[in-house]
Amino acid sequence: MWKRNWWQWLLGVVIVVGVCWPAYNWTRSNIKTLKDAGRTRMAPVIMVPGSSASQNRFDSLITELEKETPQKHSVLKLTVATDGSIKYSGNLKQNDNEPFIVIGFANNKDGKANIDKQAVWLNIAFKELVKTYRFNHFRALGHSNGGLIWTLFLERYLKQSPKITIDRFMTIATPYNMESTSTTPKTKMYQELYQYRAGLPNSLTMYSIAGTENYTSDGTVPYNSVNAGKYIFQNQIKHFTEVTVTGANTTHSDLPQNKQIVGLIREYLLEEDVPNKVRRQNQQRLRGED
């Protein structure tokens, strides 16, 4: 009888699979929806340049990121004046859920006193962006002193917007111990960052990238100064990873558009699908095999 009715059994199996598979997919989708409940579709990538750099500092990087990307990113640039007023250029396109936003400062000079002020101005611009575009999570990128400005902001000012979370944070050649080459960080900038490190979001995933021409510096920022960042972030946030990039185009000013770093930004900050070759190279760098 079983042999005569095998097709009925097969039909039953097909029907069960046909019913259960969509239910399984719906359950997975529903779990993800519940997990992400309350998160806005928009999650901008906000970039802050280093000292003496304008809101145009990341133009070359953005051009590189736009190549071979599954989606185009609109770009909005802000310049914050010393009185807190903001000048805008560019615009965010409708339905762009991952726009690039660059925040520069009219006073973009170096030095701890100015970096402290720039963190305050970043906070002013950030609140205006949240008010205007109503996002509640974002990603951050800082080059050079831009990473110091972001770190101060995360430690001392992000908590003023308790419903806003940062998903990922990446710094490029950020001198946490300023120009010092010492392996024992002691500068006032470092001391301030270390003092307020408990204010860092404990759910944060962070990548600190160092460039080295000669394994001691990138021609401007000493490697030991970048490396000092680990004492600020480790044991305070969820994940901290330091990556050292060597080879061509690793001088301080070249790093934001360095192709190796562009690959790291794609995979670990933007979380894009990248070619297997790029992924293997990035994983090697994360393991310190570069």
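Reply: Buried means under 20% relative accessible area, exposed means over 50%, and partly exposed is in between (1.4 Å probe, protein chains only). This is a predicted model, where local features need pLDDT of at least 70 and side-chain atom pairs pLDDT 80 or more, while totals for chains, interfaces and linings use all residues. Residues are numbered from 1 along each chain as its sequence is written, and side-chain values use heavy atoms, leaving out hydrogens and water.

Me: Ok, so take Thr181: is that buried or exposed?

Reply: Thr181 counts as exposed because its relative accessibility is 56%.

Me: And where does Thr181 lie?

Reply: Thr181 is in the loop that runs between strand S6 (165–172) and H5. Helices (H or I, at least four residues) and strands (E, at least two) are DSSP runs numbered from the N terminus.

Me: What is Thr181 in contact with, leaving aside its neighbours within four places in sequence?

Reply: Pro222 and Asn224 are in contact with Thr181 once those neighbours are set aside. Contact here means heavy atoms within 4.5 Å.

Me: How far apart are the C-alpha atoms of Thr181 and Thr216?

Reply: They are separated by 8.6 Å, although Thr181 and Thr216 are 35 residues apart along the chain.

Me: Let's zoom out. How many helices and strands does the chain have?

Reply: The chain has 9 helices and 8 strands.

Me: And what share of the residues in the chain is buried?

Reply: Of the 290 residues in the chain, 49% are buried.

Me: What about the contacts in the chain, how many join residues at least 24 apart?

Reply: Take the contacts between residues at least 6 apart in sequence: 75% of those join residues at least 24 apart.

Me: Give me someone on the inside, then. Why does Ser208 count as buried?

Reply: Ser208 counts as buried because its relative accessibility is 1%. To find Ser208, look in strand S7 (residues 205–211).

Me: Which residues is Ser208 in contact with, beyond four places in sequence?

Reply: Ser208 is in contact with Thr171, Tyr176, Val226, Phe240, Thr241, Glu242 and Val243.

Me: Phe240 is on that list. Is Phe240 buried or exposed?

Reply: Phe240 is buried, and Phe233 is buried as well.

Me: Switching to rings. How many aromatic pairs does the structure hold?

Reply: There are 11 aromatic pairs in the structure. Rings of Phe, Tyr and Trp (its six-membered ring) pair if their centres lie within 6.5 Å; planes under 30 degrees apart count as stacked, over 60 as edge-to-face and the rest as tilted.

Me: How do the planes of Phe233 and Phe240 sit, and what does that make the pair?

Reply: The ring planes of Phe233 and Phe240 are at 5°, with their centres 5.7 Å apart, so this pair is stacked.

Me: Which residues form the aromatic cluster?

Reply: One aromatic cluster is formed by Phe126, Phe135, Phe138, Trp150 and Phe153.

Me: New topic, Gln118. Where is its place?

Reply: Gln118 belongs to helix H3, which covers residues 112–133.

Me: Is Gln118 buried or exposed?

Reply: Gln118 is buried because its relative accessible area is 2%.

Me: What does Gln118 touch, not counting residues up to four places away in sequence?

Reply: Gln118 touches Phe105, Asn107, Asn108, Lys109 and Ile149. For one of these, Phe105, the C-alpha atom is separated from that of Gln118 by 7.1 Å, and the two residues are 13 apart along the chain.

Me: Backbone next. What is phi of Asn95?

Reply: Phi of Asn95 is near 70°, which is a positive value in a residue other than glycine. Asn95 is in the loop between strand S3 (86–90) and strand S4 (100–105), and Asn95 is exposed, with a relative accessible area of 69%.

Me: And what is phi of Arg134?

Reply: Arg134 has a phi near 55°, again a positive value in a residue other than glycine.

Me: Where is the place of Arg134?

Reply: Look in the loop between H3 and strand S5 (137–143). Arg134 counts as exposed because its relative accessibility is 67%.
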